[in-house]
Amino acid sequence: MPTTQELSTQISTVEWTPALLKEVSAKLEGGSPQDVLQWGFDNFGSEIVLATGFGPEGVALMHLVSQMRPETKVFYLDTDVLFSNTLELRDELEKRLGINFVRVHSGLSLDEQALRHGEALWERDPDTCCLMRKVIPQREFLKNYSAWITGIRRDQTAFRANTKLVEWDIPNKMVKLNPLAAWTSDQVWDHIQQNDLPYNILHDYGYPSIGCWPCTKSVKEGEDPRSGRWAGKSKTECGIHLDVVAQVAPADTKSV
Ligand code: SF4
């Protein structure tokens, strides 16, 4: 079995396949998030991008990336309905870590969405709302890259339980890195505290998982941390990690 270093050298000259990535992921298993990130930087350079929704995992990853390859682009999806606290955290991270954020937007204002689909679409059809405001804009943006980095962890949801450290992302047709897949929430928070990193103040007020404000509620002690997302609905994922099929016209995606 070749070493991870040897695999990196080999892979950079061959076409990525799910089988090859499975082999790389197995080799990286048991290593640190930095090992996964380094593998990504070695193989993709400026063709890799970090996604964040400003959760604690994203903060930890932004910290690591800012130390290892500070020029790495970090993008977020501006749905127009983010909490003001989330935007404050973005500004703080920009100052503290020197992150140069790329804002990805659907190009569809809330007024236009209301005209086409009615008011408060997130209450009636959150899948379509997420598709228009998150999934399609992200998919369009990622077409400019070869690999992306996410903060998902295996113990967050049943759907995420089999997440690999590196894998083939079928819907986006690119490589996906999940450096924190094996970490627990406690490990993420330890990293934030040990490095005195900023985080969303809402976490201190019963919001362990934070998305758009219309679809995020506080949870009680002991409840599933993600139960405040789309509370009362069967939906558990916005769709950016799912192989959802676009059923609506592609949005006029803008990134700045
Ligand atoms: S999380 Fe809610 S408001 Fe945000 S895009 Fe999805 S359905 Fe719309």
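Reader: Leaving aside its neighbours within four places in sequence, which residues is R90 in contact with?
Author: First, some ground rules: this is a predicted model, where local features need pLDDT of at least 70, side-chain atom pairs count only at pLDDT 80 or more, and totals for chains, interfaces and linings use all residues. Residues are numbered from 1 along each chain as its sequence is written, and side-chain values use heavy atoms, leaving out hydrogens and water. Contact means heavy atoms within 4.5 Å. With neighbours within four places in sequence set aside, R90 is in contact with F54, Y76 and F101.

Reader: Is R90 buried or exposed?
Author: R90 belongs to helix α5 (residues 84-97); helices (H or I, at least four residues) and strands (E, at least two) are DSSP runs, numbered from the N terminus. Buried means under 20% relative accessible area, exposed over 50%, and partly exposed in between (1.4 Å probe, protein chains only). R90 has a relative accessible area of 19%, so R90 counts as buried.

Reader: Within what arc do the buried residues of α5 fall?
Author: The buried residues of this helix are N85, T86, L89, R90, L93 and L97. They line one face of α5, because down the helix axis they fall within an arc (taken from the directions from the axis to the C-beta atoms) of 150 degrees.

Reader: Which residues are exposed on the other side of α5?
Author: The buried residues have cover that includes α4 (56-68), β2 (73-78) and β3 (101-105). Over on the other side of α5, the exposed residues are E88 and K95.

Reader: At what angle do α2 and α3 pack?
Author: Two packed helices are described by the angle between their axes and the distance between the axes. Axes are lines fitted to C-alpha atoms, for helices over the stretch in contact, and angles run from 0 to 180 degrees between N-to-C directions. For helix α2 (residues 18-28) and helix α3 (residues 33-44), the axes are 10 Å apart and the angle is about 145 degrees.

Reader: How many residues of the contact of α2 with α3 are nonpolar?
Author: L21, V24 and L28 of α2 meet D35, V36 and W39 of α3. Ala, Val, Leu, Ile, Met, Phe, Trp, Tyr, Cys and Pro count as nonpolar, Asp, Glu, Lys and Arg as charged, and the others, Gly among them, as polar. That leaves 1 charged, no polar, and the nonpolar count is 5.

Reader: What is the phi of W230?
Author: Most residues other than glycine have a negative phi. W230 sits in the loop between α9 (185-194) and β7 (254-255), and counts as buried at 5% relative accessibility. Although W230 is not a glycine, its phi is positive, at about 50 degrees.

Reader: What percentage of the residues of the chain count as buried?
Author: Zooming out, the chain has 9 helices and 7 strands. Of its 256 residues, the share that counts as buried is 52%.
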